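Student: I would like to learn how to read a structure like this one, feature by feature. Please show it first.

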Amino acid sequence: PEWHPGGEMFVFKSNKGEEEHIFKLYTLKPGEEPVLVPTDRAYHGYPGWSPDATHMVFNSYDPEVESTSEMDIFVVNLSSGESIAVTSGSDFDDSGRWSPDGKFISFHSSRSGNLDVWKIEVSSNGTPIGEPIRLTPNDSREHCRRCSHDG
């Protein structure tokens, strides 16, 4: 789960009521029932809020044609439910997180041959600008990068 920037609710993924390998995103205010986050994707993983809480980043793949090793990063507009692909390809891209200033989404990926941390510049709605940049160029396995709240 990840807390909303304002602290009043959090987002999490769950497969309750779904096939074992299918997860959906939900928001939850403590003491209330979970609310489904509508998107145009079938699978959802590791959600994270945009700094202004109007969008959410998550990882996804198409379970009809891809395997979990072909995960990509997406952003959903929370008003419309429309998703934008931030990454694409046959690599494993996972655990996207917005930078506190909203200018980048970081994630870990197998695109270099092992798990490394990458970032990609994005517009305010999550549309990618340019190509991903590798942040950890070594042979170790780095993943799940997080920023402090002040960047």
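Student: Is S69 buried or exposed, or partly exposed?

Tutor: The general idea is a cut-off on relative accessible area: buried means under 20%, exposed over 50%, and partly exposed in between, with a 1.4 Å probe and protein chains only. The relative accessible area of S69 is 44%, so S69 is partly exposed. Before going on, note that this is a predicted model, in which local features need pLDDT of at least 70 and side-chain atom pairs count only at pLDDT 80 or more, while totals for chains, interfaces and linings use all residues. Residues are numbered from 1 along each chain as its sequence is written, and side-chain values use heavy atoms, with hydrogens and water left out.

Student: Where is S69 found, and what does S69 touch?

Tutor: Strands here are DSSP runs (E, at least two residues), as helices are (H or I, at least four), and they are numbered from the N terminus. S69 sits in the loop between β6 and β7. Contact means heavy atoms within 4.5 Å. Not counting residues up to four places away in sequence, S69 touches S90, D91 and F92. S69 and S90 are 21 residues apart in sequence, and their C-alpha atoms are 7.6 Å apart in space.

Student: What can be said of T68 in that loop?

Tutor: T68 also lies in the loop between β6 and β7. Its relative accessibility is 44%, and T68 counts as partly exposed. Leaving aside neighbours within four places in sequence, T68 is in contact with Y61 and F92. For a distance, take W49: it is 19 residues from T68 along the chain, and the two C-alpha atoms are separated by 22 Å.

Student: Which strands does β7 pair with?

Tutor: Two strands pair if DSSP finds at least two bridges between them. Strand β6 (residues 55-60) and β7 pair in the antiparallel sense over 6 bridges, and M56 has V76 in β7 as its bridge partner. On to the next strand: β7 and β8 (residues 83-85) pair in the antiparallel sense over 3 bridges, with I84 in β8 as the bridge partner of V75. The hairpin of β7 and β8 has 5 residues between the strands, and in this hairpin G81 takes a positive phi near 80 degrees.

Student: What does β9 pair with?

Tutor: β9 and strand β10 (residues 104-109) pair in the antiparallel sense over 4 bridges. R97 stands opposite S106 in β10. In the hairpin of β9 and β10, which has 5 residues between the strands, G102 takes a positive phi near 75 degrees.

Student: What is the strand order in the open sheet of 4 strands?

Tutor: The order is β1-β2-β3-β4, with antiparallel pairing. Its edge strands, each pairing on one side only, are β1 (2-3) and β4 (35-36). Strand β3 (residues 24-28) runs antiparallel to β4, joined by 2 bridges, and Y26 stands opposite L36 in β4.

Student: Which residues does E2 touch?

Tutor: E2 lies in strand β1. Not counting residues up to four places away in sequence, its contacts include M9, F10, W49 and R97. By C-alpha distance, E2 and N138 are 29 Å apart in space and 136 residues apart in sequence.

Student: How many helices and strands are there in the protein, and how compact is it?

Tutor: There are 0 helices and 12 strands. The radius of gyration is taken over C-alpha atoms, and the globule rule is 2.2 Å times the number of residues to the power 0.38. The radius of gyration of the protein is 15 Å, close to the 15 Å that the rule gives for 151 residues, so the protein is as compact as a globular protein of that length. Along its principal axes the C-alpha trace spans about 45 × 40 × 25 Å. Of the 151 residues, 42% count as buried.
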